[in-house]
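The sequence and structure come first.

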Amino acid sequence: MSAFVKTVCLAQKLCSANPALARQAVRSMAGWNKDFKPAPYPKTEKERLEAAKKYYLLPEEYRPYADDGLGYGDYPKVGGGLGVEAKDNYYPWDYPEHKRNQHEPISADHDLYSEDRYSQAEQPRYQNSYYFLCFAGVMSGCLALYYWLEDKKMYRPVAAKQYPADGVKHYTFEK
């Protein structure tokens, strides 16, 4: 704890001596860097090759997003749709917490495929029509049973209270 307090005191002394240092420290902790912003959509083959080199891809692997005004620019369109949990847990990843390697480009909508989101890693076993028919079959079976058994009342069978003799007092509370 004393090391933490000493560090905080040192930081306060440095900031009071040079206020520009504090502003610069805050600026450098920003989560967005202008270098990460994609360049405009590549129009020539030379721009395309430069963009492929920028994202550490081979020229034949590089496919940018369509220039439809969404602002992806020269960012590469990499395979999406396969979640992070489908990747091998035992592979020696450079960043194992994200299952990524250094300079591996990620999908523009990576937030949909991270490990804290649901993603279907493989194709479903049956088609959606089969699931719908199963649901409809079970529900219609329950409905048929309800209407078929509607007139058959189900209750707990309880008989009237039985005493040894009618009209006789079986208890008293007098002393």
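The unreviewed UniProt entry annotates residues 130-149 as "transmembrane region". The model discussed here is predicted.

**Overall fold**

The protein chain contains four helices and zero strands. Of its 175 residues, 13% count as buried.

**Helix α4 and the annotated segment**

A nonpolar surface patch is formed by Phe132, Leu133, Phe135, Val138 and Met139. Together these residues have about 560 Å² of accessible area. One of them, Phe135, sits in helix α4, which spans residues 128-148. Is Phe135 buried or exposed? Phe135 has a relative accessible area of 51%, so it counts as exposed, the cut-off being over 50%.

Cys134 has a relative accessible area of 35% and is partly exposed. Cys142 is also partly exposed, at 45% relative accessibility. How many disulfides does the structure hold? The count is zero.

**Salt bridges**

Side chains of opposite charge can pair when their charged atoms come close. The number of salt bridges in this model is three.

| Asp74 | Lys54 | 3.7 Å |

The salt bridge between Asp74 and Lys54 has its closest N and O atoms 3.7 Å apart. This pair links distant parts of the chain, with Asp74 in the loop between α3 and α4 and Lys54 in helix α3, 20 residues apart. Asp74 counts as buried because its relative accessibility is 3%, under the 20% limit. Lys54, by contrast, is partly exposed, with a relative accessible area of 35%.

Glu104 is partly exposed, with a relative accessible area of 24%, and Lys87 is partly exposed at 27%.

Lys152 is partly exposed, its relative accessible area being 46%. Asp151 has a relative accessible area of 58% and is exposed.

**Other sites in the loop between α3 and α4**

Helix α3 covers residues 45-54, and Ser107 is located in the loop between α3 and α4. Is Ser107 buried or exposed? Its relative accessible area is 10%, which means that Ser107 is buried, the limit being under 20%. The Ser107 side chain makes a polar contact with the side chain of Asp109 at 2.5 Å.

Glu85 lies in this loop between α3 and α4 as well. Glu85 is partly exposed, with a relative accessible area of 33%. Along the chain, Glu85 and Arg117 are 32 residues apart, while their C-alpha atoms are separated by 9.6 Å.

**Backbone angles**

Most residues other than glycine have a negative phi, and most peptide bonds are trans. Tyr56 is not a glycine, yet its phi is positive, at about 55°. Tyr56 is found in the loop between α3 and α4 and is exposed, with a relative accessible area of 53%. His103, likewise not a glycine, has a positive phi of about 65°. His103 is found in the loop between α3 and α4, where it is partly exposed with a relative accessible area of 41%.

Note on methods. Residues numbered from 1 in each chain as written. Predicted model: local features only at pLDDT ≥ 70, side-chain atom pairs only at ≥ 80, totals over all residues. Heavy atoms only, no water. UniProt positions renumbered as here; feature names shortened; annotations may be inferred. Patch = residues over 30% accessible without salt bridge, like charges linked within 9 Å, V, L, I, M, F, W, Y side chains within 5 Å. Areas by Shrake-Rupley, 256 points an atom, 1.4 Å probe, with all protein chains shown as cover. Salt bridge = Lys/Arg side-chain N within 4 Å of Asp/Glu carboxyl O. Helix = DSSP H or I, 4+ residues; strand = E, 2+ residues; numbered from the N terminus. Buried < 20%, exposed > 50% of the residue type's maximum accessible area, 1.4 Å probe, protein only. Disulfide = S-S within 2.5 Å. Polar contact = N/O pair within 3.5 Å; in protein donor to acceptor, adjacent residues only side chain to side chain.
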